[in-house]
Amino acid sequence: MAAHQEKKTSEERKRKSTQNDTRTSQVQWGRAWEVDWFSLANIIFLLMFAPLIVYYFIMSCDQYQCSLIDPLIDLFTGNKHLSDIWNKTPTLTYRAAGIYTLWVAFQVFLYLFIPDFCHKFLPGYVGGVQEGAVTPAGVVNKYEINGLQAWIITHVLWFANAYYFHWFSPTIIFDNWIPLLWCANVLGYAVSTFAMIKSYFFPTNAKDCKFTGNFFYDYMMGIEFNPRIGKWFDFKLFFNGRPGIVAWTLINLSYAAKQQELYGQVTNSMILVNVLQGIYVLDFFWNEAWYLKTIDICHDHFGWYLGWGDCVWLPYLYTLQGLYLVYHPVQLGTVNAIGILMLGLISYYIFRMTNHQKDLFRRTNGNCKIWGKKPEYIECSYMSVDGTKYYSKLMTSGFWGWARHFNYTGDLMGSLAYCLTCGFEHILPYFYIVYMTILLTHRCIRDEHRCFSKYGKDWKRYTAAVPYRLIPGIF
Ligand code: NDP
């Protein structure tokens, strides 16, 4: 009887402590619950100015041969008014709306209705139905991984059209670039607004929603964690990968086709941009299952940041080098071209191997070899909202022993390689490396803040073992 009572009391204590832990983890794990003034100011700035930044860059190429300074000089000297620039800007056209609608509908079709067959014949490729990470509410979502297949089908059709069917010109994207920008904005705002409304009225998983009470923050950073329509249409997976990233390589191909049309040849710099960014995009789709474990899918909620960002920011600003090269066809000397190619390939190797090491380590729960040795790691634990305790490991060897985010370092070196293809005449193509440095440094800090909230003192042990973030010995 006494033993029974003691068991009951201990269970009660355990339940209470679990409830407390639950509340603590609910407050701390994942994106913020409370918004400070600095974050709010940044968010309002981005909501107001990010669309203008994209417009400014694209307009500079269209009207000022990619000079970022000349429009400002024209405006400040009174040579031109804002209305002159605006009046020269191509408007939304029925043709662009048709192209864009067809494009997005086709990608939705490929995503939803063609189950993956690539994993059946490509050795080493992980596709088909895969599981994501545990969400803060303790849910494990299933995803249909068929991005590589969508990419291949889309590109086969693109080349079939360019060389055989001739339904449309391969310069179609470049030729409609600004009208398509308006379409991308319509979709970006529509999907972000829809996601916000959905989170209030019909969330996919109410326990994984976060409301800060601040409209702007919630709109920007998202409320729902993994919004879905039906069982399989996952907003984050779809908008992150398609239509933006599938389009990336097509956009570059369209720029190359435009160079060919304008100058009768494609420069080696354009080929380098197509090859290096093509490797990055293919890598993304080859590793789409791994992508389920990255921050975008594991931790970010779906709001304007991802919705609009994937529809507009990514396809328009990540492709600036190719766009620039249409206006300034740089032909690199052999030594420079080989140097940039080597930088691009080495960066890619670092980026891929670092990501691969973590993925292998996590998949095998540490039962693997990293650089021929058993990996070293720190054991850590965390709680989900329902109070369940989970265990995890943080690797401290391989590239993860050099710095806490050496994958970002590889990504940044690769970004620099893309920019260098454009020479040094203008700053516009260098926007990418500046932006990626800000994005990945901020992401690194954001991630570390989140990891600290999640793992507490275990994270401190990890940062003591691996003291640098990006560059060993420096930062
Ligand atoms: P990471 O792949 O580095 O994932 C960070 C997470 O990994 C942490 O939150 C933590 O998650 C876990 N982790 C951290 N340290 C360790 C460790 N030592 N051992 C094991 N697990 C660890 O970050 P991202 O998802 O941001 O990036 C993935 C790739 O995508 C990067 O290469 C990045 O460069 C690229 N990227 C590119 C972008 C672009 O726009 N081009 C944008 C964003 C990313 P947990 O909670 O599971 O412990």
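This tour goes from the domains to their interface, and then to a few individual links.

A word before you click: this is a predicted model, in which local features need pLDDT of at least 70 and side-chain atom pairs count only at pLDDT 80 or more, while totals for chains, interfaces and linings use all residues. Numbering runs from 1 along each chain as its sequence is written, and side-chain values use heavy atoms, with hydrogens and water left out.

**Stop one: the two domains.** Colour 90–331 as domain 1 and 335–474 as domain 2; these bounds come from an automatic or database domain assignment. Taken over C-alpha atoms, their centres are 23 Å apart.

**Stop two: the interface.** How much area is buried between domain 1 and domain 2? About 3,100 Å², with carbon and sulfur atoms giving 64% of that. Buried area here is the accessible area (1.4 Å probe) that the two parts lose on being put together, summed over both.

Now look for links across the interface. There are 2 salt bridges between the domains, a salt bridge being a side-chain nitrogen of Lys or Arg within 4 Å of a carboxyl oxygen of Asp or Glu. Zoom in on R446 and D300: they form a salt bridge, with 3.0 Å between the closest N and O atoms.

Select D175 and K258, a pair whose closest N and O atoms are 2.9 Å apart. D175 sits in helix 8 (residues 172–175) and K258 in helix 12 (residues 244–263), so the pair ties together parts that are 83 residues apart in sequence.

**Last stop: the disulfide.** The rule (cysteine sulfur atoms within 2.5 Å) gives a count of 1 disulfide. Select C61 and C66, and you'll find their sulfur atoms 2.2 Å apart. Look along the S-S bond: with 110 degrees about it, the link of C61 and C66 is right-handed.

Terms used: Helices (H or I, at least four residues) and strands (E, at least two) are DSSP runs, numbered from the N terminus.
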